[in-house]
Amino acid sequence: MIKKKLIEKITIKENTTIEAAIKKLNQTGLQILLVVDNKNRFLGTLTDGDIRRSLLNKLGLDNKIEKIYFKNSFVIKKTIPYEQARELMLSRDINHLPVVKKNKVIDLYFIAKEDKKKINNYFVIMAGGFGKRLLPVTKKIPKPMIRINNKPILEHIILRARSYGFQNFIICTHYKYKKIVSYFGNGNKFNVKISYIHEKKPMGTIGGLSLLKKKIAKPFIVSNADIISDINFEDLLRFHRLQKSIFTIAVKNYYKNNQFGILDVERGNVTNFHEKKISINVNTGIYVFSNKVLKLVKKNKKVKDITDLFNLLLAKNHSIKAYNLFEFWSDLGTRKSLNKIKKTKT
């Protein structure tokens, strides 16, 4: 259950834009907004999943949420013990349960992280890079072992994935791999299972996946080891399944400042004028692989980097699904980004 003030923070009107809803979702961190009318009467719910589906359907950020929020939300009419609410949520595979009285939300239950179902899908972390851009920091330790808030970057990734139910981890190593193995071992002290694959020589950003000997039938997540993010790994995997995707990439949208105004010109006539901000999508280094894509990596020795895989999939007319990441994300591959994250996360 949550306090009345927090309910007010996650309440939103149906004439709000998708862009404003995304900002509010990021501010609250509960991954749900309660949609109400002008008299605060409950109309439905809006989740980050609803927003991602709307963007897949090519709706713009300036569209209103009235077109995308869920109007048939499952609710209850009175406050009940959490255990009973938990069973209801688990049985319906939902993470939130509003309590509505006289058309107004008076409470909200949500699944605690410790109550989430265990996920058997593998979680693979590519941790073999040299971290040359971070020298001299990486002269004695591998990049994934750089500490943020007194924990290695790699530990942050594992603990976040574990909080969403992931239990089975595979770490791909190369540079100073013994320091990683010595620290994480078999994963017992982190309440997970960890195994390793070791690149005897550098094999690119994803080439090491060809060394996987385990039979992996289910989709699995692959993450770079130099990122810090508030991504919901469980939702990423769910998105991959619902889209029936063979390969999914988490993308982060940024507005890039451009010093010039942009004009569209046709036959000598100006037809449109754009603001100086350009919207771009960047690769976050987080993916979901299907078994089919893993087989492609193993069969094609030329596939060493993620761009090689992109080109191969596109050449074979496979669709690559984009999972829009609204949450915090930072790539720690440079001294500038590393120093910035240390200031914001400490």
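Tutor: What follows takes the helix pairs, then the pocket, then the backbone.

Tutor: This is a predicted model, in which local features need pLDDT of at least 70 and side-chain atom pairs count only at pLDDT 80 or more, while totals for chains, interfaces and linings use all residues. Residues are numbered from 1 along each chain as its sequence is written, and side-chain values use heavy atoms, with hydrogens and water left out.

Student: At what angle do the axes of helix H5 and helix H6 cross?

Tutor: Axes are lines fitted to C-alpha atoms, for helices over the stretch in contact, and angles run from 0 to 180 degrees between N-to-C directions; helices (H or I, at least four residues) and strands (E, at least two) are DSSP runs numbered from the N terminus. Here the axes of H5 (residues 153-163) and H6 (residues 177-184) come within 11 Å and cross at roughly 45 degrees. That makes H5 oblique to H6, given that angles under 35 degrees count as roughly parallel, over 145 as roughly antiparallel, 65 to 115 as roughly perpendicular and the rest as oblique.

Student: Which residues of H5 and H6 make the contact?

Tutor: With contact meaning heavy atoms within 4.5 Å, H5 contributes Leu-154, Glu-155 and Ile-158, and H6 contributes Ile-180, Tyr-183 and Phe-184. By class there are 5 nonpolar, no polar and 1 charged residues in the contact of H5 with H6, where Ala, Val, Leu, Ile, Met, Phe, Trp, Tyr, Cys and Pro count as nonpolar, Asp, Glu, Lys and Arg as charged, and the others, Gly among them, as polar.

Student: How does the pair H8 and H9 cross?

Tutor: The axes of helix H8 (residues 291-299) and helix H9 (residues 306-315) come within 11 Å and cross at roughly 110 degrees, which makes H8 roughly perpendicular to H9. Val-293, Leu-296 and Val-297 of H8 meet Leu-309, Leu-312 and Leu-313 of H9, a contact with 6 nonpolar, no polar and no charged residues.

Student: How is the largest pocket found, and how much space lies in it?

Tutor: Rolling a probe the size of a water molecule over the atoms shows where empty space is left. On a 1 Å grid over the protein atoms alone, a pocket is an open set of points where a 1.4 Å probe fits, with protein on both sides within 12 Å along at least five of seven lines, and lining residues have an atom within 4 Å of a point. Grid points are joined across faces, edges and corners, and a volume is the space filled by probe spheres set on the points. In this model the largest pocket holds about 650 Å³ of space.

Student: Which residues lie nearest the centre of the largest pocket?

Tutor: Of its 24 lining residues, Thr-47, Asp-50, Arg-53, Asp-93 and Ile-94 lie nearest the centre. Helix H3 supplies the largest share of the lining, 5 residues, and by class the lining has 8 nonpolar, 9 polar and 7 charged residues.

Student: Which peptide bond is cis, and where does Pro-136 lie?

Tutor: The bond from Leu-135 to Pro-136 is cis, with omega near 5 degrees, and Pro-136 lies in the loop between strand S6 (119-127) and strand S7 (147-148).
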